[in-house]
Amino acid sequence: MKIRPLADRVLIRPTVAEEVTVSGIIIPDSAKEKPLRGEIIAVGTGSKDEEMVLKAGDNVLYGKYAGTEIDVDGEKLLIMRQSDVLAVVE
């Protein structure tokens with residue numbers, strides 16, 4: 001399935017959370033912190049009020065509760081507004 005965000009929205013592939021063990025204790029997925037970094041895989045065209053400054057391939061930081069999680073072909077992606085992206089990692 002191919003998804004093309006509309007207006008000022010971007011589609012992000014979150015980075016994989018690092019596996020952390022403490023003294024042999026494995027933390028379940030439900031208790032892990034969600035990653036706050038990802039790669040943009042698609043962008044919209046922008047809106048009349050806000051020009052699209054992000055592009056596909058940018059690595060970005062975003063807010064903890066930003067975006068909506070969607071499932072595309074078994075892969076979990078985030079779709080959010082450009083304004084929810086905090087920074088571009090260079």
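Colour the chain by secondary structure: it has eight strands and zero helices, where helices (H or I, at least four residues) and strands (E, at least two) are DSSP runs numbered from the N terminus. Read along the sequence, the pattern is β-β-β-β-β-β-β-β. The model is predicted, so local features need pLDDT of at least 70 and side-chain atom pairs count only at pLDDT 80 or more, whereas totals for chains, interfaces and linings use all residues. Residues are numbered from 1 along each chain as its sequence is written, and side-chain values use heavy atoms, with hydrogens and water left out.

**Confidence and surface**

Next, colour by pLDDT, the predictor's confidence in each residue, from 0 to 100. The chain has a mean of 89, and 86% of its residues reach 70 or more. Among the elements, strand β4 has the highest mean pLDDT (97), while strand β2 (residues 21–22) has the lowest (62). Where pLDDT is low, the predicted coordinates should not be read in detail.

The chain exposes about 6,400 Å², of which carbon and sulfur atoms supply 53%; accessible areas come from the Shrake-Rupley method with a 1.4 Å probe, and for residues only the protein chains shown count as cover. Of the 90 residues in the chain, 26% are buried, a term that denotes under 20% relative accessible area, against over 50% for exposed and the range in between for partly exposed (1.4 Å probe, protein chains only).

Select Q82, in the loop between β7 (75–81) and β8 (85–89). Is Q82 buried or exposed? Q82 counts as buried because its relative accessibility is 6%. Show its contacts (heavy atoms within 4.5 Å): leaving aside residues up to four places away in sequence, Q82 touches D8, E50, E51, M52, V53 and L54.

Which side chain makes a polar contact with the side chain of Q82? The partner is E50, at 3.0 Å. A polar contact is a pair of N or O atoms within 3.5 Å; within protein, one must be able to donate a hydrogen and the other to accept it, and residues adjacent in sequence count only if both atoms are side-chain atoms.

Move to D8, in the segment before β1. D8 is buried, with a relative accessible area of 6%. Beyond four places in sequence, its contacts are G46, E50, M52, M80, R81 and Q82.

**The nonpolar core**

Select V10, I12, I40, M52, L54, V60, Y62, A66, L78, M80 and V85 together: these eleven residues form the largest nonpolar core. Such a core is a set of buried Ala, Val, Leu, Ile, Met, Phe, Trp, Tyr and Cys residues joined through side-chain atoms within 4.5 Å. Strands β1 (9–14), β5 (59–62) and β7 each supply at least two residues of this core. In soluble globular proteins, nonpolar side chains tend to be buried together.

Centre on M52, whose contacts beyond four places in sequence include V10, V43 and Q82.

**Strand β5 and its partners**

V60 and Y62 lie on its covered face, and N59 and L61 on the uncovered one. Two strands pair if DSSP finds at least two bridges between them. Strand β4 (residues 37–43) pairs with β5 in the antiparallel sense over three bridges, and E39 has N59 as its bridge partner. Strands β5 and β8 also run antiparallel, joined by four bridges; here N59 stands opposite V89.

Proceed to L11 in strand β1. L11 is buried, with a relative accessible area of 4%. Among its contacts beyond four places in sequence are E39, I40, I70, L77 and I79. L11 and R81 are 70 residues apart in sequence, yet their C-alpha atoms are 9.0 Å apart in space.

Strand β6 (residues 68–72) and β7 run antiparallel, joined by five bridges, and I70 has L77 as its bridge partner. The hairpin of β6 and β7 has two residues between the strands, and D73 takes a positive phi near 50° there.
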